[in-house]
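Please open the model in your viewer and keep the sequence panel beside it. The tour below goes from one selection to the next.

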Amino acid sequence: MMWLSANESAALVLSLSVATRSVLFSLPFALLLAWVLTRKQFLGRTMLDAFVHLPLVLPPVVVGYILLLLFGVRGPIGGWLERVFGIELIFTRNGAALATAVMSFPLMVRAMRISLENVDRGLEDAARTLGASAFDRFATITLPLMLPGVLAGAITAFSAALGEFGAVITFVSNIPGETRTLPLALYTALQTPGGDAEAARLAILSFVLGLGGLLLSEWFARRVRRMLGR
Amino acid sequence: MLQVAAKKHRGAFTLDANFELPTPGVVALFGRSGCGKTTLVNVIAGLLAAERGRVALDDAVLLDTDQGVDVPPERRRIGYVFQDARLFPHLRVQANLRYALKRAAVAPFVGLDRVVDLLDLGPLLARHTHELSGGERQRVAIGRALLSQPSLLLLDEPLASLDASRREEVLPYLESLRDQLAIPMVYVSHNFDEVLRLATHLVLMESGKTIAQGDLGEMSLHPRVRAIIGADAVGAIVDGVVLGTDASSGLTRVQVGLSVLRVHYGKSAPGTKLRVQLLARDLIVATEAPRHLSVRNSLKGVVTSVAHDVEDSDLIAIDIGGILIMARVTKAATSELALAPGTAVWALVKTASLRPHAI
């Protein structure tokens, strides 16, 4: 990374790290929610669905603020996490990952739901008559068949996580090397006299990363479709 | 013995089924499309819940709503061949087959090699499922169901989505399955030809209800079965035993009731069981022993009933020694020959119109 300054490459590496954590963290929850929302009928399903989609319509600052209330040192969940596990979220990259995870969660759930809806239940029935238990069916039939959606969701969420600004800066502030991801670094550069060139480089970098993510997602989807013979 | 009883309501549709099958045997669930055959099969498999029901195979009770027994489908050991095959698209043929084998609840009594051999799957093993023809898909689906080591096999119109020649390509495999593995089968079909080839018993369904059942020979003349298959296809299904082959003509002699039929059936050992359908429209009725005729087959018997059939013809039921057959003759012939219960007759049929199957 010869053409990036130390600050810029630190922001890049941090962004990738935060986005990776964010995706790994939200993946199992998104899968579970996609499953529940697609396959289960229960009271309050519509409410839960709306709740999952809230980050799409709320100002990111509001999400950051709510996270601050819940996961702050004196917040009900944050305090407990620190006492019991010694996990600190505020002003840390894990906190940044949590904020981006919440923001990109609806995107991930959406992609997974669409692919789950397209999985032929008849195939699960067939597996069932062959002796496969519920978990077995999910792991060997349902999950592989919804893999294109899971991958697409993960890549989209990763790209979105790279760009999350409002929720991150509200929740974990803007600390170089810890929470100053690409968009925050870009914003900081714009606030700094003579930072125009740096801002431009960071903008181009964000652009390249986003485009790369989209192309990668498309390539994956095509590969998996071919694997499934469609 | 397979015992099935099921009651279920679904909107305006009511399933009310009840049948038994001596095992091993092949029971055909026969009826028009939409009469509830698939619903019943799904209840047997456990994929669909019945309001009241009982499914028992020999000593194993799989469902008994009165006793609160409901074994889940994955533990019923019932193989299911679906109409649309339902092969797993992300697995190749071999992996589809192994999927079943790996999850078998008992030590395999049919192994992969045996199934591959029986169904000729060797050339298909490395293929993707989307590279298979319709007939090949069904063969793989049958093989997969077998490899789950089932104690009962359900086949839901496995050939319905195939054209006639493809169907002819898969049928022999089903026959050899029936003959070589003693797995009881429930075969859903609305095609009487398939039933004729495969089944030992027939359960007739109409709008959700099982209205008649019995062995195939006796059911083949049931008035409601006749109504479904149409006048041209009506005919007794009779089972006979090979006596030997005529050296001069090459025809196989088959003992049926009191008489002997001569049929085209290549070489077959005496004692082999053969089944033929004597179509009512192919039979000629004579009141004297025929002479000077080219017809090779004359079955001696006694008229048991004369009933109005279609248009201006009658359906004459003839007992040929414990076996009932039917002949369609014009009403004019009925009165001219004075056909009535008790009349001694000879039923004539051309060898060329008989297509025997092994059973």
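How many residues does the contact take from chain A and from chain B? It takes 16 residues from chain A and 22 residues from chain B, two residues being in contact if their C-beta atoms, placed from the backbone, lie within 7 Å.

Before selecting anything, note that this is a predicted model, in which local features need pLDDT of at least 70 and side-chain atom pairs count only at pLDDT 80 or more, while totals for chains, interfaces and linings use all residues. Residues are numbered from 1 along each chain as its sequence is written, and chains are lettered from A and ligands numbered from 1 in the order in which they are written.

Select α6 (121-129) and α7 (134-163) of chain A, the elements that give two or more residues to the side touching chain B; helices (H or I, at least four residues) are DSSP runs, numbered from the N terminus. On this side of chain A, α6(A) gives the most, with 6 residues.

Staying in chain A, move to helix α10 (residues 196-227), where Ala200(A) lies. Ala200(A) is exposed (12 or fewer other C-beta atoms within 10 Å of its own, placed from the backbone), because 12 such atoms lie within 10 Å. From Ala200(A) to Ser217(A) is 17 residues in sequence and 26 Å in space, C-alpha to C-alpha.

Finally, colour chain B by domain 1 (2-229) and domain 2 (235-358), with bounds that come from an automatic or database domain assignment. Their centres, taken over C-alpha atoms, are separated by 33 Å, and the contact takes 6 residues from domain 1 and 9 residues from domain 2 of chain B.

Definitions and conventions:
A residue is buried if 20 or more other C-beta atoms lie within 10 Å of its own, exposed if 12 or fewer, and partly exposed in between; C-beta atoms are placed from the backbone.
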